[in-house]
Structures are given as C-alpha cells and as structure tokens.
Amino acid sequence: MIVNEQHETTLTKQDFWYDLPEELIAQKPLLKRDSSRLLVVNKDDGSVEHKTFSDIVDYLEKGDVLVINNSKVI
C-alpha cells in the first residue's frame, strides 16, 4: 500500500491493473532504440505530448537523474 499525504490517496496494487492486449506487447526491440516512444506529461497543467526517446534531452536539466531499466520482456 502507498499513502500519498499530499493528496490523501491510498493506492493498492489493484489500482495499477489494466488490460493489455497481447498484440500490443513488443516482441523485439526497435533497430534504432532511441526512436522508441516517449510519453511526456506536464505536471503543471496535465497536458500530454507524444515524443520519441531521442527527445528526452529536451526535458532533462542539470542535477536530474536518469534511471535506465535494462529488463527484458520474456
């Protein structure tokens, strides 16, 4: 259970459940890995932009930390 005191919200694992059709699950990585999709959400106004991962440099600032996940889909 996660408790967010700022918004007084209690989250459970069930809150993160969604149906993902098998045909939408990537079967192999893109040849050009930096062309993968990047969803950008503006935390101030909630607007959403669809970008590619190569655009991530436009959103990083000095002192930011980028965590790389190298897990694989089995």
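Which side chains meet in a salt bridge? They are those of Glu49 and Lys51, with 3.7 Å from N to O. Keep in mind as you look around that this is a predicted model. The protein chain has four strands and zero helices, and buried residues make up 4% of its 74 residues. Here is a short tour, topic by topic.

**Overall build and confidence**

- Reading from the N terminus, the elements of the protein chain follow the order β-β-β-β.
- The protein chain has a mean pLDDT of 85, and 86% of its residues reach 70 or more.
- If you take the contacts between residues at least 6 apart in sequence, 5% of them join residues at least 24 apart.

**The salt bridge**

- Glu49 is partly exposed, and its relative accessible area is 35%.
- Lys51 also counts as partly exposed, with 28% relative accessibility.

- Ile56 sits in the segment that comes after strand S4 (48-52).
- Is Ile56 buried or exposed? Ile56 counts as buried because its relative accessibility is 15%, and the cut-off for buried is under 20%.
- Setting aside neighbours within four places in sequence, Ile56 is in contact with Leu38 and Leu66.
- Asp34 lies 22 residues from Ile56 in sequence, and the two C-alpha atoms are 9.5 Å apart in space.

**The second largest pocket**

- This pocket has a volume of about 180 Å³.
- Ile56 turns up again here, as one of the residues that line the second largest pocket.
- Leu38 and Leu66, the contacts of Ile56 named above, belong to the lining too.
- The rest of the lining is made up of Leu39, Val40, Tyr59, Leu60, Asp64 and Val65.
- How many residues of the lining are nonpolar, polar and charged? The lining of the second largest pocket divides into eight nonpolar, no polar and one charged.

Key. Residues are numbered from 1 along each chain as its sequence is written. This is a predicted model: local features need pLDDT of at least 70, side-chain atom pairs count only at pLDDT 80 or more; totals for chains, interfaces and linings use all residues. Side-chain values use heavy atoms; hydrogens and water are left out. A salt bridge is a side-chain nitrogen of Lys or Arg within 4 Å of a carboxyl oxygen of Asp or Glu. Buried means under 20% relative accessible area, exposed over 50%, partly exposed in between (1.4 Å probe, protein chains only). Helices (H or I, at least four residues) and strands (E, at least two) are DSSP runs, numbered from the N terminus. Contact means heavy atoms within 4.5 Å. On a 1 Å grid over the protein atoms alone, a cavity is a set of points where a 1.4 Å probe fits but cannot get out, and a pocket is an open set with protein on both sides within 12 Å along at least five of seven lines; lining residues have an atom within 4 Å of a point. Grid points are joined across faces, edges and corners, and a volume is the space filled by probe spheres set on the points. Ala, Val, Leu, Ile, Met, Phe, Trp, Tyr, Cys and Pro count as nonpolar, Asp, Glu, Lys and Arg as charged, and the others, Gly among them, as polar. pLDDT is the predictor's confidence in each residue, from 0 to 100.
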